[in-house]
Amino acid sequence: MRIGFDISHSLGRRTGLGSYALGLLKGLARLATDDQFLVYSFFYHRFPRGWRQAHIPDSPNFELNLPRGPDFLLRHKLGQGGREAEALWGSVDIVHSNAHVAPLVERSRLVFTLFDTTIYLFPELHTQANYNLVNRALHQAARHAAAIIAISEQSRRDFQRFLHVPDDRITVIYGAADERFHPEIPREEIERVKRAHGIDGDYILSVGTTEPRKNILRLVSAFRALEQRGLKHKLVIVGERGWLSDPLYEFVTQEGMKDRVLFTGYVNDQDLPPLYAGATVFVFPSLYEGFGLPVVEAMACGAPTITSNRSSLPEVAGDAALLVDPEDEGQIQNALQRLLEDKTLRQELSERAIDQSKKFSWEQSARQMLNVYKKVMGLL
């Protein structure tokens, strides 16, 4: 098989989409030695900086797609659609989209990764432009994709609920933590990273873009209530500033918490594992997740974890985390207090978390993905 594989969200400052695609690509490089991969560092409307220098697996059957011509001309051709646009994907049997878009292809078969359906569940948390783009892509995938990859059972159910796609066209393939996330991170490395990001003392950690769906404002409010009872920890929030996030930053300023609630912004690949490993507690109170990669990453580092009792998060966390109603600030506060006060419980959850994270692996996901490709091509 010859497979075109999109990593356009994996370049630069990656979020969950890009980490999923990159992890899956690495897994495929270990297993798919008999197939050819043409890797797309640009895709549809997305031309990330440095796309021509993207790093891909060092394997003879992996090639970076580098069509000739200036970016503006490539963009124009893609915008025109049709066979001229499809020619930019190269001669492949399968085009695999990991970018929230579903290009119409005639000569190839489309495989589409479904990350979530939040545009339907929480339309008020999306800009109109984002809603329009993703809505169009989901409908095109429902009509034209030869196979749809859901990253959790929750995503599969939601897609079927809104777009009525039959079971035999959807396969659930979970994400996993990269191998750099593990519990054996030296204390001196943790302290080095803490100093680099201005963190002193013990801290509670949360990771995710500060958009409303991540529910960070309720976490900050619960943290403030515990502070008033004498809590000495800092709250460290890792991630880019997202849309509709002004109320969060205004609350921190108005309550005089800027020296105790630290927004690090984006953190590089090397610094994130020590931050997980050094946290007293990791909290991920998201209102909805297609998968929730930070939970697996935190658990792989042995971080005692609190997360939401809805969407895909119970699938990911299993019995290795405290689950809370993310809309109940009191539950978040009580779970935090319980973990911070109970060292034995933290140790128990840490051990469970490491075991739970091992249930997810990119090799397993890649093996499932290869079977989907073979099914699409009529080889299974």
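Analyst: Helix α14 gives the largest share of the lining of the second largest pocket, namely five residues. This is a predicted model. The second largest pocket has a volume of about 440 Å³. Its lining counts 21 residues. Nearest the centre of this pocket lie R187, A277, A279, G302 and P304. Helix α14 is one of three helices that each supply at least two lining residues, along with α7 (187-196) and α10 (272-278). By class, ten of the lining residues are nonpolar, six are polar and five are charged.

Now follow α14 itself. Helix α14 covers residues 343-357, and helix α13 covers residues 329-341. Two packed helices are described by the angle between their axes and by the distance between the axes. The axes of α13 and α14 come within 5 Å and cross at roughly 100°. Angles of 65 to 115 degrees count as roughly perpendicular, so α13 is roughly perpendicular to α14. Which residues make the contact? From α13 come R338, L339, L340 and E341. From α14 come K343, L345, R346 and L349. The residues of this contact split into four nonpolar and four charged, with no polar ones.

To sum up, α14 supplies five residues to the lining of the second largest pocket, and α14 also makes a contact with α13 through K343, L345, R346 and L349.

Terms used. Residues numbered from 1 in each chain as written. Predicted model: local features only at pLDDT ≥ 70, side-chain atom pairs only at ≥ 80, totals over all residues. Heavy atoms only, no water. Axes fitted to C-alpha atoms, helices over the stretch in contact; angles between N-to-C directions. Helix = DSSP H or I, 4+ residues; strand = E, 2+ residues; numbered from the N terminus. Parallel < 35°, antiparallel > 145°, perpendicular 65-115°, else oblique. Contact = heavy atoms within 4.5 Å. Nonpolar A, V, L, I, M, F, W, Y, C, P; charged D, E, K, R; others polar. 1 Å grid on protein atoms, 1.4 Å probe; cavity = no way out; pocket = protein on both sides within 12 Å on 5 of 7 lines; lining within 4 Å. Points joined across faces, edges and corners; volume = space filled by probe spheres on them.
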